[in-house]
Each structure stands twice: as structure tokens, then as C-alpha cells.
Amino acid sequence: MTSTTDLSHLHRFVPATVSGKPPILLLHGTGGDENDLLLFGQAVAPGFALLSPRGKVLEAGMPRFFRRLKEGIFDEEDVRQRASELADFIDEARDTYRLEAPIAVGFSNGANVAAAVLQLRPEVLSGAVLLRAMVPLMHPPEADLTGKSVLIVSGATDPIVPAENAAGLAAILTGTGAMVDHRTLPVGHNLSQADILITKTWLQHR
Ligand code: MLT
């Protein structure tokens, strides 16, 4: 495993041990870091290459991928800028580690930035798993997500993501051509065993 600051985001990279599988871009939630989702990544994508950056924004010392004004209210100028920086990092990492376009697997704030990257720089991702995601941009650009598959997994009792917001994200992504599979589990905001199973099964078909 490599841990490095050479690229524009502090990150960890775990090379693939199986061939023919897309790399996975792991994007942590608020207060997480580049180590947080590595075990989750190994559980859902055994043997796939894992690329796990740390978000550059600090909220009371907690790393995030973009600034928010309060819970669920985002600084959209910052969302755009940080999503673009993350897309640049993905390009750098693809060159450095010789990777094809990764599938993002993001949780919470990491899922939200992945959705923003899909809308702003769709070419850097081949698909995405968005765990407890919400709409990141009220006025997204016209993206063409034809050919991209997206799995959204929501929690029925999630106190942070209202059901209609998650459904809105699914509708927006579907409207721009993505093949969206939206599931809702009987859980809250935290990840569950069922998230691992659904994500693993979905990734097996990529
Ligand atoms: C966000 O800020 O991206 C969402 O509210 C989820 C969170 O990180 O709590």
C-alpha cells in the first residue's frame, strides 16, 4: 500500500490483485480520512485497486470534501471548486498509477462530492456508488451521463438526508442519461451490513 502526499490530495493507494476490474475511488464522510473506507473497500471490491484521498476542507478540525453553511446546506461555489480539484487529482492519480477511470464509492459527504464530480467532470468517473447521498448542486450544469451506472443507497430513517432529496438526486442523474439503481434500506445515516452486500453485488457486475 502506498501513502503519499506527492499528488494534490493526501491519499492511500492499494494496487489491484485481480485483473479486469475497475479501480475504486473511496470518498469518506465528514470527519473521516483516507484510511476510513479502506476496509469497506476491501469488503465490497476484493482485489480491486483502491484509491482513497482525504478531503481538503476542515470543519472544526474534521476533514470534508467541500464547505457547508450548515448541515444539508452547501456552499455551492466551494462544491464546484473542490469537485474540480478532486477531478484533477483523479486525472493525476490515473497517470501516476496507470488506472482506467475509477468507480467512486462515497459515503455521506464523500457521496455528495462524487455526485458533484459526476455532474461537473463526468469523464473522470466510470460510475458511482453513492451511500446516503443528497443533491449537491441546486443548479448543476447540463451533464451527459449516458453510459454511466450509478447505485444510490439511502436510509429510510436517515436524519440527515430527507427521502425526497435522495429521490431528487436519483431523478436528476437519470434525467442526464445515467443508469440509476436507487435502493432504500431500513437504516439511518450510518453504513450497515446490507450496504456492504448491495455494493459488493453491484460492483461484481462492473
Ligand atoms: C454533507 O455535508 O455533505 C452532508 O450533510 C452529509 C454530511 O457530511 O454530514
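This is a predicted model: local features need pLDDT of at least 70, side-chain atom pairs count only at pLDDT 80 or more; totals for chains, interfaces and linings use all residues.
Residues are numbered from 1 along each chain as its sequence is written, and side-chain values use heavy atoms, without hydrogens or water. Local features need pLDDT of at least 70 and side-chain atom pairs pLDDT 80 or more, while totals for chains, interfaces and linings use all residues.

The ligand sits in the largest pocket. A pocket is an open set of points on a 1 Å grid over the protein atoms alone, with protein on both sides within 12 Å along at least five of seven lines. A molecule sits in it if more than half of its atoms lie within 2 Å of its grid points. The volume of the largest pocket is about 190 Å³, counted as the space filled by probe spheres set on the points. Its lining has 14 residues, each with an atom within 4 Å of a point. Thr30, Arg68, Ser108, Ile160 and His189 lie nearest the centre.

The shell around the ligand includes Thr30, Phe66, Gly72, Phe74, Asn109, Asn112 and Ile160; such residues have a heavy atom within 4 Å of the ligand. By class, the shell has 3 nonpolar, 5 polar and 2 charged residues, with Gly counted as polar.

Arg64, Arg68 and Ser108 are also in the shell. A polar side-chain atom of Arg64 is 2.8 Å from a ligand oxygen atom. For Arg68 the distance is 3.1 Å. For Ser108 it is 3.4 Å. Polar contacts are pairs of N or O atoms within 3.5 Å. Alone, the ligand exposes 260 Å², and the protein buries 96% of that (Shrake-Rupley method, 1.4 Å probe).

Methods. A polar contact is a pair of N or O atoms within 3.5 Å; within protein, one must be able to donate a hydrogen and the other to accept it, and residues adjacent in sequence count only if both atoms are side-chain atoms. On a 1 Å grid over the protein atoms alone, a cavity is a set of points where a 1.4 Å probe fits but cannot get out, and a pocket is an open set with protein on both sides within 12 Å along at least five of seven lines; lining residues have an atom within 4 Å of a point.
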